[in-house]
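Visitor: I would like to learn how to read a few features of a protein model. Could we look at one together?

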Amino acid sequence: MIITQTPLRISLLGGNTDFKEYYLNYGGLVLSTTIDKYIYCIVKKRFDNKIIVNYSIKEEVDTVDGLKHELVREAMKLVGVTGGVEISFLADIPSRGTGLGSSSAVTIGVLNALHTLMGENVNSQQLADEAIKIELISLDKPIGIQDQHAIALGGLRAIEFTPLGEVYGNKVVMSGSVKEDFNNSLMLLYTGVTRRSEDILSTFDVSKNKQLLDQNKQLAISGTESLLRGDLKGFGELLDVYWNIKKQINDKTSNSQIDKMYNTAKKNGCIGGKVIGAGGGGFLLVMFPANKRVKIKQALSKYQELPFRFTDHGSRVIFHNE
């Protein structure tokens, strides 16, 4: 039996500059961090040649092509596992539609487990590359490539995408006390709505939004510099600017409920924030001075908080018993 633990991520600044139509022309930069909320993938050999996959439903099939779970199906094809395996998933939160990168976490987690099953050692770069191949090429999803790198690498990173197609996952190194203060100044609130990122991003047009994406990239640069200086108030103000740009880029990003949540947070001391991921639902991230946490939480008490801590690791095998 093999168990992998793969972190979810919070995207902070620079969104959509990880789309190839943008970064291959202008270069992109995103700022994100992994958190201590995980997707667990459990893989076990079977005596027979059946394939069983357990998630929100249970699938039992005779061939890989018979699988409805497209991420598992394509991962098995890529790694070369043809049968005789049972794969199960457990998640710390609802595993789809929350904006925390769960689809890429599932893909990377099952790839990591299947490679281990085959006796193969893989590094974070290979996991990211293979997840991108599955999600963007095999399944033709209208998404970028930040999640795969952020989740495979782990940690707080400014991830750079060059016009040559190179990716650099630069760690943002903060002092322990500043990083702790940063973590404590953030809150995730569940909107109660899940949605597919593909539904939000399917109409996204890079060429029409080039100037706004340029601003996004600059915000990621400025945000990284703010964190390195320990200027948390300045970072929160950048989040506020970013959220307004994000809503201009795609009118599906927000809705009346999310706007009301954010405005309530602002009235009670929030400096800035944003919906995580493509938007339209999932989790709202808000940032505030430490002394405003209780007030904001009380004002938005009908929305469930997801407490979290930053984590420094990406996907890893936490159990392997041959």
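Guide: Gladly; let us start with a polar contact, meaning a pair of N or O atoms within 3.5 Å, where within protein one must be able to donate a hydrogen and the other to accept it, and residues adjacent in sequence count only if both atoms are side-chain atoms. Here a polar atom of the Asn216 side chain lies 3.1 Å from the backbone oxygen of Gly15. This is a predicted model, in which local features need pLDDT of at least 70 and side-chain atom pairs count only at pLDDT 80 or more, while totals for chains, interfaces and linings use all residues. Residues are numbered from 1 along each chain as its sequence is written, and side-chain values use heavy atoms, with hydrogens and water left out.

Visitor: Where is Asn216 placed, and which residues does Asn216 touch?

Guide: Helices (H or I, at least four residues) and strands (E, at least two) are DSSP runs, numbered from the N terminus. Asn216 belongs to helix 8 (residues 210-229). With contact meaning heavy atoms within 4.5 Å, and not counting residues up to four places away in sequence, Asn216 touches Gly14, Gly15, Thr17, Tyr242, Ile245 and Ile249.

Visitor: Does Asn216 count as buried or exposed?

Guide: Buried means under 20% relative accessible area, exposed over 50%, and partly exposed in between (1.4 Å probe, protein chains only). Asn216 has 1% relative accessibility, so Asn216 counts as buried. Gln298, in helix 11, is exposed, with a relative accessible area of 57%.

Visitor: How should I read aromatic pairs?

Guide: A pair of aromatic rings is described by the distance of the centres and the angle of the planes. Rings of Phe, Tyr and Trp (its six-membered ring) pair if their centres lie within 6.5 Å; planes under 30 degrees apart count as stacked, over 60 as edge-to-face and the rest as tilted. There are eight aromatic pairs in the structure. In one of them, the ring centres of Phe182 and Phe310 are 5.4 Å apart and the planes are at 50°, so the pair is tilted. Phe182 sits in helix 6 (residues 176-184) and Phe310 in the loop between helix 11 (293-299) and strand 11 (316-320), so this pair links parts of the chain 128 residues apart. Both Phe182 and Phe310 are buried.

Visitor: Why is the pair of Tyr190 and Phe283 tilted?

Guide: The centres of the Tyr190 and Phe283 rings are 4.9 Å apart and their planes are at 35°, so this pair is tilted. Tyr190 lies in strand 8 (residues 186-190) and Phe283 in strand 10 (residues 283-287), so the pair ties together parts 93 residues apart in sequence. Tyr190 and Phe283 are both buried.

Visitor: And how do I read a sheet?

Guide: Strands of a sheet pair through backbone hydrogen bonds, either parallel or antiparallel. Two strands pair if DSSP finds at least two bridges between them. Strand 9 and strand 10 are joined by four bridges, and Lys274 has Leu285 in strand 10 as a bridge partner.

Visitor: Which strands form a hairpin?

Guide: Strand 3 and strand 4 do, with three residues between them. Four bridges join strand 3 (residues 51-54) to strand 4, and the two run antiparallel. Strand 4 (residues 58-61) has Glu59 and Val61 on a covered face, with Lys58 and Glu60 on the uncovered one.
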